[in-house]
Amino acid sequence: MATKLEGNGLFESSRMMLPEHREAYNRYMIHKDPRPKPVIDEQEWQQIGQALQDSFNQHVPVTLQLYDSYEDKHVTGFVTVINMFTKEIKLRYDDDWDWIKFGDIISASI
């Protein structure tokens with residue numbers, strides 16, 4: 001009985017493990033340790049601001065990398081509104097739009 005709990009013995013010895021349980025366990029192991037938020041220096045903020053301004057003024061698509069504690073998120077669209085008071089932008093893509101906070105943006109490229 002003690003050998004079942006060593007290493008990966010719990011899954012290897014249990015023939016009744018459902019695939020849903022294994023998937024849930026794998027999701028739990030991936031999401032149990034969130035990534036820290038990266039610190040962005042002043043020069044990178046200037047590059048992000050320039051890309052957002054170019055997208056707004058010239059109506060060119062911009063690709064943003066957004067912070068998420070578990071995976072990388074990339075969105076591509078057109079900046080339609082830059083709200084400095086609430087520190088967020090309105091990004092339009094396809095037939096939808098989202099408000100994205102400046103603090104969630106890690107990088108931007110045109």
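These legends walk through several close-up views of the predicted model shown above.

Residues are numbered from 1 along each chain as its sequence is written, and side-chain values use heavy atoms, with hydrogens and water left out. Because this is a predicted model, local features need pLDDT of at least 70 and side-chain atom pairs count only at pLDDT 80 or more, while totals for chains, interfaces and linings use all residues.

View 1. Helices (H or I, at least four residues) and strands (E, at least two) are DSSP runs, numbered from the N terminus. Of the 110 residues, 22% count as buried, where buried means under 20% relative accessible area, exposed over 50% and partly exposed in between (1.4 Å probe, protein chains only). Among contacts with a separation of 6 or more, 48% come from residues 24 or more positions apart; contact here means heavy atoms within 4.5 Å.

**View 2. Strand 1 and strand 2 form a hairpin.** Strand 1 (residues 62–66) and strand 2 (residues 73–83) pair in the antiparallel sense over five bridges; two strands pair if DSSP finds at least two bridges between them. Six residues lie between the two strands. To find your bearings, look for Leu 64, whose bridge partner in strand 2 is Val 75.

**View 3. Strand 3 pairs with strand 2 and with strand 4.** Strand 2 and strand 3 run antiparallel over five bridges, with Val 79 bridged to Leu 91 and Phe 78 standing opposite Arg 92. Four residues separate these strands in their hairpin, and Lys 87 in the turn has a positive phi of about 55°. On to strand 4 (residues 96–101), which pairs with strand 3 in the antiparallel sense over six bridges. Here Arg 92 stands opposite Trp 97. The hairpin of strand 3 and strand 4 has two residues between them, and Asp 94 in the turn has a positive phi of about 50°.

**View 4. Glu 88 is a buried residue in strand 3.** Strand 3 spans residues 88–93, and Glu 88 counts as buried because its relative accessibility is 14%. The side chain of Glu 88 makes a polar contact of 3.2 Å with that of Thr 86. A polar contact is a pair of N or O atoms within 3.5 Å; within protein, one must be able to donate a hydrogen and the other to accept it, and residues adjacent in sequence count only if both atoms are side-chain atoms. Leaving aside neighbours within four places in sequence, Glu 88 is in contact with Val 81, Ile 82, Asn 83, Trp 99, Ile 100, Lys 101 and Phe 102.

**View 5. Asp 54 is found in helix 3.** With a relative accessible area of 19%, Asp 54 is buried. Beyond its neighbours within four places in sequence, Asp 54 is in contact with His 59, Val 60 and Ile 110. The C-alpha atoms of Asp 54 and Phe 78 are separated by 9.9 Å, with the two residues 24 apart along the chain.
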